Amino acid sequence: MRFSPFLDFCRRFARNHAALLGFVLILVVIGCAAVAPWLMPRDPLRIVGRAEIWPFQSWRFPLGTDSLGRDIAAMIMYGARTTLLIGLFASVTATLIGVSVGASAAYFGGWIDELLMRFTELFQTIPSLIFVLTIVAVLGQKLEYVTVAVGIVSWTAIARLTRAEFLSLRDREFVQACRAMGMSNLRIIVGEILPNALPPVIVLSSLVISGAVLFESAVAFLGLGDPNVASWGGLIGDGRTLIRTSWYICAVPGIAIMLTVLALNLIGDGLNDALNPKLRDR
Amino acid sequence: MAADMTPILEMDRLQVSLFTRRGVLPAVDGLSLSVAAGETLAIVGESGCGKTLAALSVMQLLPDPPARIVGGAIRFLGRDLVPLSDREMRQVRGRDISMIFQDPMTSLNPVVSVGDQLIEAIRQHMDVTHREAINRAIELLHRVRIPDAERRLGDYPHQMSGGMSQRVMIAMAIACQPKLLIADEPTTALDVTIQAQILELMKELQAASDMGLIIITHDLGVVAEIADRVVVMYAGRKVEEAPVEALFERPLHPYTRGLLGATPSALRRRGGRLVEISGSVPGLAELPPGCAFQNRCPLAFDRCRQERPALTAPMPNRSVACFAAEREMLSNVAAVGP
């Protein structure tokens, strides 16, 4: 009885075949990331063979080697770790900032709302990629900083969505009833309104992950990523000079990025359908 | 019945204003009332007459902006609530004074189970363990006559009917044994049969715990059913106050008479038409000088258009703010006088 809302959600999510496909794809990526250290215990950035071996030519390097002779398969698998890590934590960062800002703006209203929303708009006016590059340039080229930077540029949409949800929920009678019960503002925001506002926010957060994957790739492509970890974007950046001859160096990580982002978007759509009460029981 | 008891709640010339773009509007204008332990006070009036704002003022839950208390005092057991901080007020809400709202279907959080909401209400003001809170929640559901209480704890609000939800709301309201319960149109959203059950339940619970009850309604049937004393409000002011039998027997204010005339009754002669009160409540921005009811009043005369009638007490325990009623009383006295 208690778990029925969750089971119900799973059933609705599974009914959407595209979302299920996205989910399976992401599971594969997560699987790659998880088994990478056991399958390929050596540093993926080490030079292990002849340069520019094409994919499917050698069983030792199923996806070939890059211009330096590094194993592309290893870099893809370790790159999945980087990508997922950054995507997930950047999304968590963005959601935490966005929900806090949006919720307080809508709940308290008045000048707090005014101030926080102007602040949000200020962030929206700055071109995201340049902002990320600036933050990374200032803080340094480390994985954590790239994550934080992507989180900092991605929270505005979540803040605005959370604010809109809170505005419509704030004046509902159950909120009034909670206040009449003597609950504190923080408890009402976190314990009562947030669970109601969460479904669309979760959908957007899942889409922020795919945005973060793209950001990370772009940053790494431009050579500003963490030089000590394997990254799909970095691999594309390294291979771009050889695109006429050995195009597979760019293509393989490109396909990995594309499939991951596609999968995340499919999941986002699936979540939207499964969590959106207006589409229920169709 | 309660005139000689010390009141639990005493509202003294409460002024609530709406600060709008069109100016400051007096939504509640000098409202005084009191409720004693075990007593039920009904506040009656049309929509927009300020009865809900008066109730929210007691809880300090006015929608600010635009509404704010600008004058008067609300004394709960002698302590004025108006100057209290939000933190102090939180100790009062739910523990000393509880409130239930009009629509039970929207008063419960849709994503939290009924049991968890009850437990939250209990633990808000009582220092009990989770286990004890669960037991108390079951006991409360029994008290509001919800069958199969243990199983119902896991239900979500959408699995309950309106009457059930209102019972849960009442259970939450009495969870911490408040001394005063304010019910804002508690039965308006319910079926008539359920209405009677809910009113009966509230009467029972009140008798058992001796709490004061303020019931806000526009339904005189509810008033007759449950109230001891009635305050009639019109355009933010109290126009009449009387014990319930006296009010139904002999309403003094023409507005009260209008309300009674507009109420269907099984006892009324069949085929008799309901009498409506013509016109509608004037907007707070365009209140006329003099009596606010003058444009709808069948008895209005010159004085009503110039002067605002003050509350007078023509009989013990009763008060009315109407020149026509005063004149009527005087002529009655003259008729029976020596």
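Colleague: Which element of chain A has the highest mean pLDDT?

Modeller: This is a predicted model, in which local features need pLDDT of at least 70, side-chain atom pairs count only at pLDDT 80 or more, and totals for chains, interfaces and linings use all residues. Residues are numbered from 1 along each chain as its sequence is written, and chains are lettered from A and ligands numbered from 1 in the order in which they are written. pLDDT is the predictor's confidence in each residue, from 0 to 100; helices (H or I, at least four residues) and strands (E, at least two) are DSSP runs, numbered from the N terminus. Among the elements of chain A, the lowest mean, 79, belongs to helix 1 (residues 4-15), and the highest, 93, to helix 4 (residues 110-125) of chain A.

Colleague: At which residue does helix 6 of chain A bend?

Modeller: Helix 6 (residues 143-170) of chain A reaches 38 Å from its first C-alpha to its last, close to the expected 40 Å (1.5 Å times one less than its number of residues). A bend is the angle between axes fitted to the seven residues ending at a residue and the seven starting there. In helix 6 of chain A, a bend of about 40° falls at A:Trp155.

Colleague: Why is helix 7 of chain A described as largely enclosed by the rest of the structure?

Modeller: A residue is buried if 20 or more other C-beta atoms, placed from the backbone, lie within 10 Å of its own. The buried residues of helix 7 of chain A include A:Phe174 and A:Arg179, and they pack against elements of both chains, among them helix 8 (185-221) of chain A and helix 1 (51-59) of chain B. The helix is largely enclosed because, of its eight residues, those that are buried number seven.

Colleague: Which helix of chain B gives the most to the side that touches chain A?

Modeller: Residues are in contact if their C-beta atoms, placed from the backbone, lie within 7 Å. The contact takes 16 residues from chain A and 23 from chain B. With three residues, the element of chain B that gives the most is helix 4.

Colleague: How many bridges join strand 1 of chain B to strand 2 of chain B?

Modeller: Strands pair if DSSP finds at least two bridges between them. Chain B has an open antiparallel sheet of four strands in the order 2-1-4-5, with strand 2 (23-36) and strand 5 (79-80) at its edges. B:Ser17 stands opposite B:Pro26 in strand 2 of chain B. The bridges joining strand 1 to strand 2 of chain B number eleven.

Conventions:
Buried ≥ 20, exposed ≤ 12 C-beta atoms within 10 Å, placed from the backbone. Contact = placed C-beta atoms within 7 Å.
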